[in-house]
Amino acid sequence: MLTHRLDPETGIIEIDIDGAADMESYRALVRDLDAEIAAHGKILILEIIRDIGWISPGIWWEDMGWSFHHLKDIARVAVVTDKGWIGPIAKMMGAVMAAEIRVFDFADIGKAREWLAG
């Protein structure tokens, strides 16, 4: 499941991934990300990855296009996960993005929010 919410106090967009993602929830996320970019310029993202399930190739394809188009619109990304293999992938993505990316364990989710809020 892919869910998201905006914390209106901090402006942080929290994305929660726990299993499979469907196109409807992905497109709802993109609509809200686009709206925040239009309203505020650069955005802050807290990505909570509990488990990754099936993600259709259509989502991967659309996300690559969206991400490429918005490389400079993301200021910081905090990835929160206990999946050890995700950290190196997130850091690799940081090499092609203008955003600062840091990886945190679930126990440090509060630190991730503090880091994002700067």
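Modeller: Rolling a probe the size of a water molecule over the atoms shows where empty space is left. In this predicted model, the largest pocket has a volume of about 1,000 Å³.

Colleague: How many residues line the largest pocket, and which lie nearest its centre?

Modeller: The lining is made up of 32 residues. Nearest the centre are Glu-47, Trp-60, Asp-63, Ser-67 and Met-93. Two or more lining residues come from each of β2, α1, β3, α2 (57-69), β4 and α3.

Colleague: Which element gives the most to that lining?

Modeller: Helix α2 does, with 7 residues.

Colleague: How do the lining residues divide into nonpolar, polar and charged?

Modeller: The lining of the largest pocket has 29 nonpolar residues, 1 polar and 2 charged.

Colleague: Now the sheet. What is the order of its strands?

Modeller: The sheet is open and its 5 strands follow the order β1-β2-β3-β4-β5, with mixed pairing. At the edges are β1 (2-6) and β5 (100-104), each of which pairs on one side only. Neighbouring strands are turned against each other by 15° on average, direction ignored.

Colleague: In which sense do β4 and β5 pair?

Modeller: Strand β4 (residues 74-81) pairs with β5 in the parallel sense, over 5 bridges. As a residue to look up, take Val-79: its bridge partner in β5 is Val-103.

Colleague: And the helices: which strands does α3 touch?

Modeller: Helix α3 (residues 86-94) packs on the sheet and touches β3, β4 and β5. The direction of α3 makes about 175° with that of β5. Helix α1 (residues 23-40) lies across β1, β2 (12-21) and β3 (43-55), and runs at about 20° to β1.

Colleague: Last, the rings. How many aromatic pairs does the structure hold?

Modeller: The structure holds 1 aromatic pair. Its members are Phe-104 and Trp-115, at 6.2 Å centre to centre, and with 50° between the planes the pair is tilted. The pair links distant parts of the chain: Phe-104 is in strand β5 and Trp-115 in helix α4 (residues 109-117), 11 residues apart.

Conventions. Residues are numbered from 1 along each chain as its sequence is written. This is a predicted model: local features need pLDDT of at least 70, side-chain atom pairs count only at pLDDT 80 or more; totals for chains, interfaces and linings use all residues. Side-chain values use heavy atoms; hydrogens and water are left out. Two strands pair if DSSP finds at least two bridges between them. Helices (H or I, at least four residues) and strands (E, at least two) are DSSP runs, numbered from the N terminus. Axes are lines fitted to C-alpha atoms, for helices over the stretch in contact, and angles run from 0 to 180 degrees between N-to-C directions. Contact means heavy atoms within 4.5 Å. On a 1 Å grid over the protein atoms alone, a cavity is a set of points where a 1.4 Å probe fits but cannot get out, and a pocket is an open set with protein on both sides within 12 Å along at least five of seven lines; lining residues have an atom within 4 Å of a point. Grid points are joined across faces, edges and corners, and a volume is the space filled by probe spheres set on the points. Ala, Val, Leu, Ile, Met, Phe, Trp, Tyr, Cys and Pro count as nonpolar, Asp, Glu, Lys and Arg as charged, and the others, Gly among them, as polar. Rings of Phe, Tyr and Trp (its six-membered ring) pair if their centres lie within 6.5 Å; planes under 30 degrees apart count as stacked, over 60 as edge-to-face and the rest as tilted.
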